[in-house]
Amino acid sequence: MSDFGNGNKYGFDANDDGEWFEVHSTAVTNTTPGSMVQVTVNTERICPNMTNKEFRAMVLSKRNQAVRLVETRLKDLMRWSSADKARVQQWFGRNDEGTRVKLSNGLTAIVGVLNSLTGFNFTRWDSERYTHIGCVPNPNKSGVVASVCAPDTATHTIAINPDFCTMRDFSWNKDSVVSTLIHEASHFSDTMATKDWRYFMDKCLTLGAENPDQAINNADSIAGYVIYAD
């Protein structure tokens with residue numbers, strides 16, 4: 001992906017589907033002292049097994065699938081049938097009106113964030129990059145496939161770890177690219193500000209019964225509620 005350091009302050013155009021960057025929209029000559037524009041383009045691959053163009057196409061396709069699945073649950077919450085209540089009860093240990101409203105508001109915000117993402121919201125995991133958005137990064141441990149800085153509501157940057165690059169695209173009951181996108185979007189402070197009380201969708205099936213307060217605030221519980229099916 002591109003990395004302009006302090007941001008795209010000159011209004012450069014970047015082609016989200018390709019690999020080019022428009023530095024200036026009109027012809028420029030260096031006739032004014034100090035008018036040179038210096039540009040650093042980081043062409044480092046996010047995933048070693050695909051080009052950045054291929055990565056963007058893949059991740060935005062899976063983003064679209066994630067949006068469709070979240071929107072299905074939003075329809076369930078509006079319908080609020082006995083089956084819909086039972087699913088909420090299973091995942092969160094409660095199906096009262098407060099839980100329904102929290103989920104409706106949170107999932108609506110997640111859809112908004114997911115829809116706003118472009119290929120340039122994703123970056124290869126690097127602790128130094130997090131300093132630019134004022135976040136102390138989590139350690140890049142094996143098995144952690146992606147991470148975000150929850151207060152980063154300005155850029156919604158999602159850092160990609162190498163294990164993300166070889167994940168399954170989608171599964172109804174196992175972690176995947178689609179579930180990871182929902183998981184990470186739920187962490188942002190302007191969506192649901194979820195924590196990681198417990199990982200893996202299938203391991204979160206019982207969290208609602210064991211600790212409802214944690215379940216409604218657990219990223220993989222949100223992802224599981226949206227996706228999981230036996």
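Q: How many aromatic pairs does the structure hold, and how is the geometry of such a pair to be read?

A: This predicted model holds five aromatic pairs. A pair is read from two values, the distance between the ring centres and the angle between the ring planes; planes over 60 degrees apart count as edge-to-face, those under 30 as stacked and the rest as tilted. For phenylalanine 55 and phenylalanine 164, the centres lie 6.3 Å apart and the planes stand at 55 degrees, so this pair is tilted.

Q: Which parts of the chain does the pair of phenylalanine 55 and phenylalanine 164 link?

A: Phenylalanine 55 belongs to helix α1, whereas phenylalanine 164 lies in the loop between β5 and α5; the two are 109 residues apart, and the pair thus links distant parts of the chain. Ring pairs also join Phe55, Phe122 and Phe164 into a cluster.

Q: Is phenylalanine 55 buried or exposed, and what of phenylalanine 164?

A: The criterion is relative accessible area, and a residue under 20% counts as buried. Phenylalanine 55 is buried, with a relative accessibility of 0%. Phenylalanine 164, at 1%, is buried.

Q: What is the geometry of the pair formed by tryptophan 91 and tyrosine 228?

A: Their ring centres are 5.7 Å apart and their planes meet at 70 degrees, so the pair is edge-to-face. Because tryptophan 91 lies in helix α2 (residues 82-92) and tyrosine 228 in the segment after α8 (219-227), the pair ties together parts 137 residues apart in sequence. Tryptophan 91 is buried at 0% relative accessible area, and tyrosine 228 is buried at 12%.

Q: Where does a charged end sit over a ring?

A: The charged end of arginine 100 sits over the ring of tryptophan 80, 5.9 Å from the ring centre. Arginine 73 lies over the face of tyrosine 225, with 5.9 Å to the ring centre. Tryptophan 80 follows helix α1 and has a positive phi, near 55 degrees.

Q: What does the span of helix α1 show?

A: The span from the first C-alpha to the last is set against the span expected at 1.5 Å a residue. Helix α1 (residues 52-79) has 28 residues and reaches 40 Å, close to the expected 40 Å.

Q: In what order do the three strands of the open sheet lie?

A: Strands of a sheet pair through backbone hydrogen bonds, and the pairing may be parallel or antiparallel. Here the order is β3-β5-β4, with mixed pairing. The edge strands β3 (122-124) and β4 (146-148) each pair on one side only. On average, neighbouring strands of this sheet are turned by 30 degrees against each other, direction ignored. Strands β4 and β5 (residues 158-160) run antiparallel and are joined by three bridges; valine 148 has isoleucine 158, in β5, as its bridge partner.

Q: Which helix lies across β3, β4 and β5?

A: Helix α5 (residues 177-187) does so, running at about 20 degrees to β4. Threonine 180 is found in this helix and is buried, with a relative accessible area of 6%. Leaving aside neighbours within four places in sequence, threonine 180 is in contact with Val145, Ala146, Phe164 and Met167.

Q: How many helices and strands does the protein have, and what share of its residues counts as buried?

A: There are eight helices and five strands, which run β-β-α-α-α-β-α-β-β-α-α-α-α from the N terminus on. Of the 230 residues, 45% count as buried. Among contacts between residues at least 6 apart in sequence, 65% join residues at least 24 apart.

How values were computed
Residues numbered from 1 in each chain as written. Predicted model: local features only at pLDDT ≥ 70, side-chain atom pairs only at ≥ 80, totals over all residues. Heavy atoms only, no water. Pairing = 2+ DSSP bridges. Helix = DSSP H or I, 4+ residues; strand = E, 2+ residues; numbered from the N terminus. Axes fitted to C-alpha atoms, helices over the stretch in contact; angles between N-to-C directions. Contact = heavy atoms within 4.5 Å. Buried < 20%, exposed > 50% of the residue type's maximum accessible area, 1.4 Å probe, protein only. Expected span 1.5 Å × (residues − 1). Phe/Tyr/Trp six-rings, centres within 6.5 Å; stacked < 30°, edge-to-face > 60°. Lys NZ or Arg CZ within 6 Å of the ring centre and 35° of its normal.
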